[in-house]
Amino acid sequence: MAKTGAAVIDPYELLGVARDADDAAVKAAYRKVVKTAHPDAGGDAEAFAKISACYDLLKDPVRRRVFDDTGYDPQLAEPTDLKGLMVLETLINDMILDEREPGSFDPVAGLRRKLTDDILKCRFHILELERHRARVRKHLDRLGRRPDTDVLGSMLRARAQSITDAIKASEVQIGAIERAYSMLEGYSYELEPLPVEIEAEDLPKAAE
């Protein structure tokens, strides 16, 4: 998990403008960049799409303000980051609904434990699916003489394909969870100090 933080394109950097650039400066920079970036001018279509997305953000005062405050915009984020954020969003709801007093427990550590547990569950699920798929394939291999309309074979092959699709979906989910976990790197949480228990032997002895 070397990748940390949400990977979002920096529109200021891509367009080559200062963060305090006004609308006229942003528009001028966009026109300059698209002269060579536009596909009709031999530019790359994907790169041009990113440039256009950055320009759309900077000319929208609300989105621009949010980006300036947070460094994030969902339309400029990579798909893997969006999936990771969706995983975290669900867990944040659990964190907010926890009725324990803030500072009495570490919710960040709890998020990490939950994500780790979810990864293990997904991997175990994949192992179960792979075993099930192997049984289906063995049945296919052992089918003897088949009629012209291979009903059983078609059903078994369809079941094997559905299991393969489920395995791929679980692998995608693991990737999203791992991305969410990497987004938690660098966070810590301050706990309230535990009350110091006074031992009886430390108390001053009453005058005899």
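**Note on helix packing in a predicted model**

1. Helix 5 passes helix 6 in a right-handed crossing. Right-handed means that the near helix is turned clockwise from the far one by less than a right angle, and left-handed means anticlockwise. The contact (heavy atoms within 4.5 Å) uses Val87, Leu88, Leu91, Ile92 and Met95 of helix 5. From helix 6 come Pro107, Leu111, Lys114 and Leu115. By class, eight of these residues are nonpolar, none is polar and one is charged. Here Ala, Val, Leu, Ile, Met, Phe, Trp, Tyr, Cys and Pro count as nonpolar, Asp, Glu, Lys and Arg as charged, and the others, Gly among them, as polar.

2. A word on the source. This is a predicted model, in which local features need pLDDT of at least 70 and side-chain atom pairs count only at pLDDT 80 or more, while totals for chains, interfaces and linings use all residues. Residues are numbered from 1 along each chain as its sequence is written, and side-chain values use heavy atoms, with hydrogens and water left out.

3. Now the geometry of that pair. Helix 5 spans residues 79-97 and helix 6 spans residues 107-142. They pack at an angle of about 130°, and their axes are 11 Å apart. That makes helix 5 oblique to helix 6. Angles under 35 degrees count as roughly parallel, over 145 as roughly antiparallel, 65 to 115 as roughly perpendicular and the rest as oblique. Axes are lines fitted to C-alpha atoms, for helices over the stretch in contact, and angles run from 0 to 180 degrees between N-to-C directions.

4. Helix 3 and helix 4 cross at roughly 100°, and their axes come within 6 Å. The two are therefore roughly perpendicular to each other. Ala53, Asp56, Leu57 and Leu58 in helix 3 meet Arg63, Arg64 and Phe67 in helix 4. This contact has four nonpolar, no polar and three charged residues.

5. Which residues of helix 4 (residues 61-70) are buried? They are Arg63, Arg64 and Phe67. Buried means under 20% relative accessible area, exposed over 50%, and partly exposed in between (1.4 Å probe, protein chains only). The three cover an arc of only 100° around the axis, which puts them on the same side of helix 4. Their cover includes helix 1 (11-15), helix 2 (23-37) and helix 3 (45-58). On the other side of helix 4, Pro61, Arg65, Asp69 and Thr70 are exposed.

6. Last, Glu190. This residue is found in the segment after helix 7 (151-183). Glu190 is exposed, with a relative accessible area of 71%. The C-alpha atoms of Glu190 and Arg65 are separated by 29 Å.

Note on methods: Helices (H or I, at least four residues) and strands (E, at least two) are DSSP runs, numbered from the N terminus. The arc is that of the directions from the helix axis to the C-beta atoms.
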